[in-house]
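Here are my notes on the model you sent. Please keep the structure open while you read the points.

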Amino acid sequence: MAEAQEQQRGGYAENVSAAELAEVGIRFEVDGEIATITLDRPDKRNAQTFATWSALARIGESLPERVRVVVVKGEGPSFSAGIDLRMFTPEGVPGQGSFASAAKADDTSFDQLVDQAQQAFLWLRRPEIVSIAAVQGHAIGAGFQLALACDLRVVADDVKFCMKEPALGLVPDLTGTKPLVELVGPAKAIDICLTARVVHADEALRIGLAERVVARDDLAAAVAEKAAELLSTNRDAAVATKRLLQGARGRTLEEQCAAERAEQAARVRALFG
Ligand code: CAA
């Protein structure tokens with residue numbers, strides 16, 4: 001039944017059509033339990049706009065329930081060159097404003113604007129899914145933060161992560177600062193952000209930014225392999241375990257032990273009750 005419904009809407013998330021996505025340079029495909037989001041503006045190095053973020057958020061809102069793994073990738077030489085540089089011009093991105101227009105917004109409107117953009121990134125952390133960023137070439141600014149929004153990063157050996165915002169007078173505000181600190185620690189995060197230097201594949205692997213580095217031509221296969229490994233475990237146990245792992249940092253050992261007991265009670269009752 002779910003399959004038939006999905007076929008009817010062409011396998012796309014129900015509140016965003018393929019045509020709408022194509023207009024903003026995104027492809028979205030669902031194959032069984034795996035959904036793939038492709039940033040598809042390779043001629044502009046998959047630069048991101050508010051329209052990109054709105055579409056990503058809408059994909060998240062209506063992700064088919066059976067999806068367990070979401071792959072985020074970029075077409076062409078770069079994963080993503082970050083925010084569309086037209087935002088820095090007085091004209092901005094047609095229909096989407098500019099930093100100059102955002103500067104005129106009052107506190108509440110500015111807060112809402114960035115909050116809306118952040119929704120594109122936040123859903124990728126949901127316990128019900130595991131998100132994998134497949135990253136090749138440049139992942140700059142918003143591109144780096146999109147990779148950081150995913151649970152795992154499988155990268156090509158030509159990857160170039162760069163948190164360019166401070167070099168442009170801005171801060172990273174697309175949900176990337178917390179995962180960056182959690183992955184590499186505050187000192188390395190300060191080093192990476194405040195120098196806006198490039199992090200290459202070998203360092204990314206060493207400091208925990210990337211789970212795996214492969215040759216460029218092997219990236220798709222490596223991601224497919226990881227997705228298959230993730231699908232090999234019990235779905236409900238995977239969701240409960242991700243919930244436990246995500247909550248671990250914010251809890252004391254005693255609280256974490258209690259959380260383990262509560263999740264296990266639910267699992268044991270579901271399996272053996
Ligand atoms: N926005 C809009 N267009 C972009 C773009 C961007 N971020 N990055 C690249 N492009 C466009 C170029 O203008 C060029 O278009 P044309 O062919 O029409 O001239 C095309 O993509 C190819 O670009 P390059 O020739 O520069 O490609 P390259 O492979 O030699 O270099 C690159 C790739 C290193 C990513 C380089 O394009 C670059 O430095 N881009 C800008 C990166 C950047 O500063 N991004 C902003 C980061 S800050 C952020 O994202 C968050 C924030 O809130 C500020």
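1. A residue is called buried if 20 or more other C-beta atoms lie within 10 Å of its own, exposed if 12 or fewer do, and partly exposed in between, with C-beta atoms placed from the backbone. By this rule, buried residues make up 36% of the 273 residues in the chain.

2. This is a predicted model, in which local features need a pLDDT of at least 70 and side-chain atom pairs count only at pLDDT 80 or more, while totals for chains, interfaces and linings use all residues. Residues are numbered from 1 along each chain as its sequence is written.

3. The pLDDT is the predictor's confidence in each residue, from 0 to 100. Its mean over the chain is 95, and 95% of the residues reach 70 or more. Over residues 1–11, however, the pLDDT is below 50. Beyond near neighbours in sequence, this stretch has eight contacts in the model, where a contact means that the C-beta atoms of two residues, placed from the backbone, lie within 7 Å. Where pLDDT is low, the predicted coordinates should not be read in detail. For the complex, the predictor gives an ipTM of 0.98 and a pTM of 0.96.

4. Does the chain's radius of gyration agree or disagree with that of a compact globule? The radius is taken over C-alpha atoms, and the globule rule is 2.2 Å times the number of residues to the power 0.38. For 273 residues the rule gives a value near 19 Å, and the chain has 19 Å, so the two agree. Along its principal axes the C-alpha trace spans about 65 × 50 × 45 Å. Among contacts between residues at least 6 apart in sequence, 69% join residues at least 24 apart.

5. The chain has twelve helices and nine strands. These are DSSP runs numbered from the N terminus: helices are H or I with at least four residues, strands are E with at least two.

6. Strand 3 (residues 69–74) is mostly covered, with six of its six residues buried. In a regular strand the side chains alternate between the two faces of the sheet. Here Val69, Val71 and Lys73 are buried on one side, and Val70, Val72 and Gly74 on the other. Strand 2 and strand 3 pair in the parallel sense over six bridges; two strands pair if DSSP finds at least two bridges between them. Threonine 38 stands opposite lysine 73 in strand 3.

7. Three strands form an open sheet in the order 5-7-8, with mixed pairing. Its edge strands, strand 5 (138–140) and strand 8 (198–200), each pair on one side only. Strand 7 and strand 8 pair in the antiparallel sense over three bridges. Cysteine 162 stands opposite valine 198 in strand 8.

8. Helix 12 (residues 253–272) is hardly covered: the count of buried residues among its 20 residues is zero. The expected span of a helix is 1.5 Å times one less than its number of residues. For helix 12 this gives 28 Å, and its end C-alpha atoms are 28 Å apart, which agrees.

9. Most residues other than glycine have a negative phi, and most peptide bonds are trans. Asparagine 46 has a positive phi, near 55 degrees. Asparagine 46 is found in the loop between strand 2 (34–39) and helix 3 (50–61), and counts as buried because it has 29 C-beta neighbours inside 10 Å. The phi of threonine 175 is also positive, near 75 degrees. Threonine 175 is in the loop between strand 7 (160–162) and helix 7 (177–184), and its 20 C-beta neighbours inside 10 Å make it buried.
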